[in-house]
Amino acid sequence: MTHDHGTPPLTTIAPSDKRYPALNRGFNQRWIARPDYVRLVGSPEGAARALSEAVNQAPEHPERTRITVRSGGHCYEDFVCGDDVRVILDVSPMCGIYHDPSLEAYCVEAGATNWHVYSHLYPLSGRALPGGSCYSVGTGGHITGGGFGLLSRQCGLTVDYLYAVEVAVVRPDRTVELVLATRDDPDPDRRELLWAHTGGGGGNFGVVARFWFRDLPEPPSNVLLTGRSWKWSDFTKDDFADLVTAYGEYFRDHQDPEEPSGKLFAMLKLNHVSNGEIGLVAQVDADDTGGGRAMKEFLDAVDGRIAPESGQMSAPMGEHPPVQGMLEPRHLPWLTATQALNGSGENRCGKYKSAYLRRPFSRAQIEAMWAYLGKEHYTDYVNKEALIQVDSYGGAINRPFRETAVPQRDSVLKLQFQVYWKRVEKESDVDTHIKWIRDIYRKTFASTGGVPVIGDATDGCYINYPDADLGDTSWNHSGERWSKLYYKDAYPRLQRVKKRWDPLNVFRHRQSVEPPASTSGSGSDPGPS
C-alpha cells in the first residue's frame, strides 16, 4: 500500500540547482557536503530505484564514495553530510501517516518528522509515538536509534511498538530489493532485520522507507507542565550538589510506571554560568488522579531542597526555547503541551556527547560539572548555549515487553552534553567550544577513562547522540570501543545482520555497524569502475 500523495517519485538536485546549497547540509551547520547530487525520494519504489541507480554509478570524484540517507537531517556528526559523500538520498518528501489494514498497524513513512507524527497520528487515532520533543527531527533516524521522549517513562521507547519496517537493500550483485520485515516474519533473517531497526541506528543496513506500529499507547488527554529556572549567581557549590543529587535520587527512587511519580518526566538544564540560569522542565500525566501530587512532591524534593529561589525561565536552553508563564504547573492538553515544548533551535553548529547513568551523580562528577560549567574552569568562556541536559530515564523503558536492539534498560538518568555556535565564528572560537565539551565530558567521567563505561554507575552512550570522539583514543582512554559503548553485547548480532543485508557495506560512516570481518570500520564499497 503506497501513499505518495502525488509526490514525484524522484527529484534530482545537482550542484547547479539553486536548491543545492540548502539540501547539501542538515540541521547541524557544522557539516556541509559536496555530493554529486541530492535525490529527493517520494515513494518506497522511488527509494529502491534511486538506490539502484546510485550504487551502480561510477564516482565522479574518487574521494567521494559514500551513499547516505537523510530523513530530518539531524545527524550530529558528519555521517550524512561528510566530505566523502557522493550521493544523499533524502526521504523527507515521503512523510505520510495512515492506518494500514493489510498489516493491521499504523504506518509512518520514514520522511515524517516528530511533529508530523504528533499532529497527524494523534488527532486521527488518539495514539502517539513516545518520541522526542524537537519537532523537526525525522523519524527515519529517530526511530531506528530507539526513539525517546517525554512519554517514555510512562510508555517506553518508540521501538517497543515497532511491528514492521520496509527497507531498500543492496544485494551482492548490486541489484536492489525492497524488503518488508515484520516482527513475526516466518523468515528468521527478516525478523533479524526488523530487530536491527529497533535501536541499531540509522543508515546502517539500507534505505528505510516505512515503519509500522501496533498497539501504540494513548497519551494522556491532559498533562501538568512546568518550566522554571534559578539564577546561577545564587548558587554555592553545596547548592549545586544538592540540586543535582536530589534530582538523581528522585528518579532513582521513582521507577514504577504504574505510579504517577513513575510517569513524571523532567529535563534539568545545567547551562554554563554565562547563560545566567539553570533550568528545569517537568511534565506529568494529569489524567492520573495522583499526577498533581507527584508534581508537587517532585518540585518539593528538587526545588525545595536548595537555597536559591526559582523563578520564570527567560533564556533559551539548548534545543528548547524558554518555557514561560509556567512557574506554577499548568494544566494543558497533551498535544498543546507537546507543541509548547517543540523546538530545534536556530540554524547553528553543534557538538554533542551522551551518557546513561545507573545511579545518581557521584561527588566527583558533581565537582567536575560545577568546575567546568564555569565556576572554576572556563570562567572567561562566554557561551549561553553550552550545557549538560539531564533527562529523567527508566520507568516503562526499563520494563520492555519485547526484545529490542536497545541495550540500556536499567538506567535512571540520561545525559546530553551540548555546545552550539554560529557558523560565522572564527576557527579559534570554534576550537574553544569543542575543547570545552571535550574537557567537561572527560572530567565528568575521569574515573573511567573519560567516557561512561559499561559498569555499575554508567551504561555507555546513546547512538542517536553520536560522538566521533568515542573512537579516538585521545579522548577515550577506557579501552571500550565505541561499538561497546553504544550497543553493549548486541553488537555482534548487529554485525551478523549487517553481513546478511548490506554485504557490500554500502551504508557506512565512521561509526556504522561494521561487517563481522572488519575491525576498523574503514572498509568501503568503491562502486563500479
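What we have here is a predicted model, and its protein chain is divided into domain 1, covering 11-90, domain 2, covering 97-213, and domain 3, covering 222-486. I would like to stay with domain 1 and domain 3, whose C-alpha centres lie 33 Å apart, and whose contact takes nine residues from domain 1 and 19 residues from domain 3.

The area buried between these two domains is about 1,200 Å², with carbon and sulfur atoms giving 57% of that area. On the domain 1 side, the residues that lose the most area to domain 3 are Phe27, Arg30 and Tyr76, which together make up 55% of what that side buries.

As for polar interactions, seven residue pairs are in polar contact across the interface of domain 1 and domain 3, and one salt bridge is found there. Sorted by class, the domain 1 side that touches domain 3 has four nonpolar, three polar and two charged residues. A salt bridge that you can look up in the model joins Lys351 to Glu77, with the closest N and O atoms 2.7 Å apart.

Now to the cysteines, where the disulfide count comes to zero. Cys81 has its closest cysteine sulfur in Cys75, and because the two sulfurs are 8.1 Å apart, they are too far from each other for a bond. Cys107 is likewise in no disulfide, the nearest cysteine sulfur being that of Cys95, 12 Å away. Cys81 is buried, with a relative accessible area of 5%, and Cys107 also counts as buried, at 0% relative accessibility.

Technical notes: Residues numbered from 1 in each chain as written. Predicted model: local features only at pLDDT ≥ 70, side-chain atom pairs only at ≥ 80, totals over all residues. Heavy atoms only, no water. Disulfide = S-S within 2.5 Å. Buried < 20%, exposed > 50% of the residue type's maximum accessible area, 1.4 Å probe, protein only. Domains from an automatic or database assignment. Contact = heavy atoms within 4.5 Å. Buried area = accessible area lost by both parts, 1.4 Å probe. Salt bridge = Lys/Arg side-chain N within 4 Å of Asp/Glu carboxyl O. Polar contact = N/O pair within 3.5 Å; in protein donor to acceptor, adjacent residues only side chain to side chain. Nonpolar A, V, L, I, M, F, W, Y, C, P; charged D, E, K, R; others polar.
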